[in-house]
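Student: I'd like to learn how to read a protein model feature by feature. Could you take me through one?

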Amino acid sequence: MTTMVGIAPAGAEEEAETMAKGLPEVSAWRMLSRAALVSAVFVWFVALRLFDLVGLRWLAFALTGQRARYERLTGPVAFRRAFEVLGPTYVKLGQLVASGEALFPERYSEEFRKLLDRVPPFSYDEVERTLEEELDGGAARFARIERAPIAAASIAQVHVAVLDDGEEVVVKVQRPGIGDLAAADIALMRIFARVGHRVSLHARRANALAVIEDFESNLVEELDFRNEAERMREFNAVMRAMGTDSVAAPRIEDELSGPRVLTMERFDGWRLDDTESILASEFDAEERLLTGIRAWFQTLICKGFFHGDVHAGNFLLLKDGRIGYLDFGIVGTFTEAQKKNVLEYVLGFQDRDFARVGRALLAMGVTDESKLDFEEFVGDLTEAYAPLVDGRKMKELIPNMMRVGRKHQLRMPRDLVLVTKQLVYLDRYSRALGGENMNVLTDQRLSNLIMQDMLAAMFAPA
């Protein structure tokens, strides 16, 4: 995907669509009923916010003996709670806000991070119903499925299971009705975004229309688990092609997978932020981390795609010493030409050569070069990306990028911002496991490995 951050997409003034592309058709009745519910929920929380401002909510809590439960209802808290009430699609959007420091005010991103782990599971009866519908009798191969999920997210939940041959697997099952609900919600979000684009300067700056369109595109991809399965296969194929047997994505059980069910090998290991356990293990933590980070770059070098969500729960040191990558629901992609420029962008960081970084950005067409003061641009990039180089607060990085973008009127590709966010994650792990002197973007060992892989890919047979 290459949605540009900071500019309005073509067609912003067209009539709002009533059906999200790639999602089920939305009936007029479903749209009206959903619109009524969404409106009622937001009106309710606006009213509660007003009552809070004048002290009536606090008084109500105090008079009923519940003062300890009182939580001040700021604007971000009101929106977060409204999103929780409205269900999976809005929770998913809230998670986008949580990770979108570049596009949304920090107080909203901070509050919406609470949505990352506040998704209630659906019933086990629904799990069984989906398995029967999706696997056409194949569910009989499950000797046992744990009723309680080990993880519940906005799109699906995950259960541990044992197959009839004794193999332990995990089963990812989609939330029932999520497609129909998402179609109605996204159609409404488009309308809200178009209205916001007309009346709100902040909505135009945040490019609300592009955010919703990007959100829709990602959601359509995520709702078909076959896409995620194919990415995992492709990841493992790249590892094999590069001669790497110590990094893997889970193996897919094809006969027990489909659009709404994904059955895969169960990985047993430590999250990358479980520093104490990893350092106490028999493995060389720094060497394992370098191998895992190199693998992330290898998929970008060889195939132009990358894992777009390498938070610690998706990046593991397995008990057998391999590095495991989980959850390929979010993946960024680049064309061949874009890939070369992105690698130049990253290698510029490693050399601390921000003129090289600037030239890579210009090669991506992020702005009109004729109107740019290149020396000033390089100076601003040097300051903006300083947190990656000198270890300052990493949360400053994305806002810094966006400030430079606004000043120089850049159109930053969405996936370039996504790449940079992954580098923040990887840098965090490198400092925790490799010590303060290890920096993912300036470590010469990693730089040499990346160059070696680039040369190998360049001369590999077509």
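Tutor: Two strands pair if DSSP finds at least two bridges between them. Here β4 and β5 form a hairpin with 4 residues between them, and glycine 166 in the turn has a positive phi of about 90°. Before we go on: this is a predicted model, where local features need pLDDT of at least 70, side-chain atom pairs count only at pLDDT 80 or more, and totals for chains, interfaces and linings use all residues. Residues are numbered from 1 along each chain as its sequence is written, and side-chain values use heavy atoms, with hydrogens and water left out.

Student: How many bridges join β4 to β5?

Tutor: There are 7 bridges between strand β4 (residues 156-163) and β5, and the two run antiparallel. Within that pairing, histidine 159 stands opposite valine 171 in β5.

Student: Which strand does β5 pair with through 5 bridges?

Tutor: Strand β5 (residues 168-174) is joined to β7 by 5 bridges, again antiparallel. Valine 171 stands opposite threonine 263 in β7, and valine 173 has valine 261 as its bridge partner there. As a general idea, side chains in a regular strand alternate between the two faces of the sheet.

Student: What is the order of the strands in the open sheet of 4 strands?

Tutor: The order is β6-β11-β10-β8, with mixed pairing. At the edges stand β6 (247-248) and β8 (269-271), each with a single partner strand, so one side of each has no neighbour in the sheet. Helix α12 (residues 285-303) packs on this sheet and touches β6, β10 and β11 (323-325), its direction making about 35° with that of β11. Touching here is a contact, which means heavy atoms within 4.5 Å. As for β8, this strand pairs with β10 (residues 315-318) in the antiparallel sense over 3 bridges, and arginine 271 has leucine 316 of β10 as its bridge partner.

Student: And how do I read two helices packed together?

Tutor: Angles under 35 degrees count as roughly parallel, over 145 as roughly antiparallel, 65 to 115 as roughly perpendicular and the rest as oblique. Helix α4 (residues 88-98) and helix α7 (residues 178-199) pack at about 55°, with their axes 8 Å apart. The two are therefore oblique to each other. Pro88, Thr89, Tyr90 and Leu93 of α4 make the contact, along with Ile178, Leu181, Ala182, Asp185, Ile186, Met189 and Phe192 of α7. Sorted by class, that contact has 9 nonpolar, 1 polar and 1 charged residues. The classes are simple: Ala, Val, Leu, Ile, Met, Phe, Trp, Tyr, Cys and Pro are nonpolar, Asp, Glu, Lys and Arg are charged, and the others, Gly among them, are polar.

Student: Where is aspartate 136 found, and is this residue buried or exposed?

Tutor: Aspartate 136 lies in the loop between α6 (124-135) and β2 (142-145). Its relative accessible area is 71%, so aspartate 136 is exposed. Its phi is near 50°, a positive value in a residue other than glycine. Aspartate 327 also has a positive phi, near 55°. That residue sits in the loop between β11 and β12 (331-333) and counts as partly exposed, at 33% relative accessibility.

Student: Which residues is glutamate 228 in contact with, leaving aside its neighbours within four places in sequence?

Tutor: Its partners are Lys172, Leu262, Asp327, Phe328 and Gly329. Glutamate 228 belongs to helix α10 (residues 225-241) and counts as buried, with 5% relative accessibility. Its C-alpha atom is 9.6 Å from that of proline 259, 31 residues apart along the chain.

Definitions and conventions: Axes fitted to C-alpha atoms, helices over the stretch in contact; angles between N-to-C directions. Buried < 20%, exposed > 50% of the residue type's maximum accessible area, 1.4 Å probe, protein only.
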